[in-house]
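User: I am new to this structure and would like to be guided through some of its features. Please take the questions one at a time.

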Amino acid sequence: MRSGGVEGGPVASFHLVREPAWRAPVALARLGTDRLRLRRTPGLRFARLLGTGSGAAATGADLARSALFAVWDGPAALAAFEDDGWFGRRAARVRARGGEVYALRLALLSGHGRWSGRDVLADLRTGGGPGEDRPAGEGPVAVLTRATVRPSRWHRFRGSRPPVSAELAAAPGLRAAVAIGEAPIGLQATFSLWADAAAVTAFATSPRHRDVVRRTRRENWYGEELFARFAPTGSAGTWDGRDPLSGA
């Protein structure tokens with residue numbers, strides 16, 4: 001993994017794995033079987049295996065692709081997972097079959113919220129990672145938004161997605177985005193990469209996005225939510241045939 005910044009302290013990671021289309025049933029099954037392997041991974045503090053949508057849309061599943069968000073004891077544990085562990089061996093096989101793997105190392109810049117009742121960002125706030133040393137506003141930014149949508153509010157949430165997804169796809173400074181989730185309904189998230197913090201702020205304060213955010217508060221859509229911004233401090237592989245951070 002190409003990396004930069006200070007080594008040491010807890011780190012987060014995001015991985016995308018796309019199998020060839022004919023392997024989609026196997027990729028879907030691995031969302032279950034890989035959970036058992038993850039539990040035995042040294043240095044892993046938190047992990048969620050996730051299905052993905054087609055691009056940033058919350059509808060239209062990409063059954064051949066899966067995602068992983070994780071928090072690690074430190075860079076050494078993450079490197080061992082990617083290079084020497086079962087994931088590293090699987091990644092090599094995926095690439096040999098014509099699929100692709102993308103890996104990101106992440107340092108927390110800011111964030112709040114919980115995931116399944118757990119403050120997964122707590123370790124990253126105290127880790128002293130390289131994101132804390134970066135001057136404000138400089139460099140690319142990764143954004144993770146995640147919510148548990150109340151069943152009674154699902155139809156409203158679903159109806160709000162198409163215009164916001166279209167606005168996200170056309171947003172200046174967006175380098176890549178993907179809808180992710182733990183279930184087809186109710187446990188939804190988006191992971192995106194941006195040129196810089198100014199591009200994130202411009203999208204977040206756009207009229208359409210701000211209107212949806214106000215509705216989520218007013219109508220109490222979410223039972224739980226998490227929002228975090230990260231500094232990407234290392235990347236490897238390709239996402240839809242390229243590294244979105246190349247030249248950033």
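User: Is R45 buried, partly exposed or exposed, and what is its relative accessible area?

Analyst: This is a predicted model, in which local features need pLDDT of at least 70, side-chain atom pairs count only at pLDDT 80 or more, and totals for chains, interfaces and linings use all residues. Residues are numbered from 1 along each chain as its sequence is written, and side-chain values use heavy atoms, with hydrogens and water left out. Buried means under 20% relative accessible area, exposed over 50%, and partly exposed in between, with a 1.4 Å probe and protein chains only. R45 is therefore partly exposed, its relative accessible area being 31%.

User: With which residue does R45 form a salt bridge?

Analyst: A salt bridge is a side-chain nitrogen of Lys or Arg within 4 Å of a carboxyl oxygen of Asp or Glu. The N to O distance in the pair that includes R45 is 2.9 Å. The partner of R45 is D123.

User: How many residues apart in sequence are the parts that D123 and R45 tie together?

Analyst: Helices (H or I, at least four residues) and strands (E, at least two) are DSSP runs, numbered from the N terminus. D123 belongs to helix α4 (residues 122-126) and R45 to strand β3 (residues 44-53), so the pair joins parts of the chain whose separation in sequence is 78 residues.
D123 counts as partly exposed, because its relative accessibility is 27%. The separation asked for is 78 residues.

User: How many salt bridges does the rule give, and which residues are linked in a network of them?

Analyst: Side chains of opposite charge can pair when their charged atoms come close. By the distance rule the count comes to 15 salt bridges. The residues linked in a network are E19, R23, R30, D34, R37, R90 and R97.

User: How far apart are the closest N and O atoms of R90 and E19?

Analyst: R90 and E19 form a salt bridge, with their closest N and O atoms 3.9 Å apart. R90 sits in helix α3 (residues 86-96) and E19 in the loop between β2 (11-18) and α1 (24-39), so the pair ties together parts 71 residues apart in sequence. Both R90 and E19 are buried. The closest N and O atoms are separated by 3.9 Å.

User: What is the nearest side chain of opposite charge to R229, and how far away is it?

Analyst: R229 lies in strand β9 (residues 222-237). Lys and Arg count as positive and Asp and Glu as negative, while His and the chain ends are not counted. R229 is buried yet has no salt bridge. The nearest side chain of opposite charge is D196, at 8.9 Å.

User: What distance separates the C-alpha atoms of G223 and T148?

Analyst: G223 is placed in strand β9. Contact means heavy atoms within 4.5 Å, and, leaving aside neighbours within four places in sequence, G223 is in contact with T148 and R150. G223 and T148 are 75 residues apart along the chain, and their C-alpha atoms are separated by 5.5 Å.
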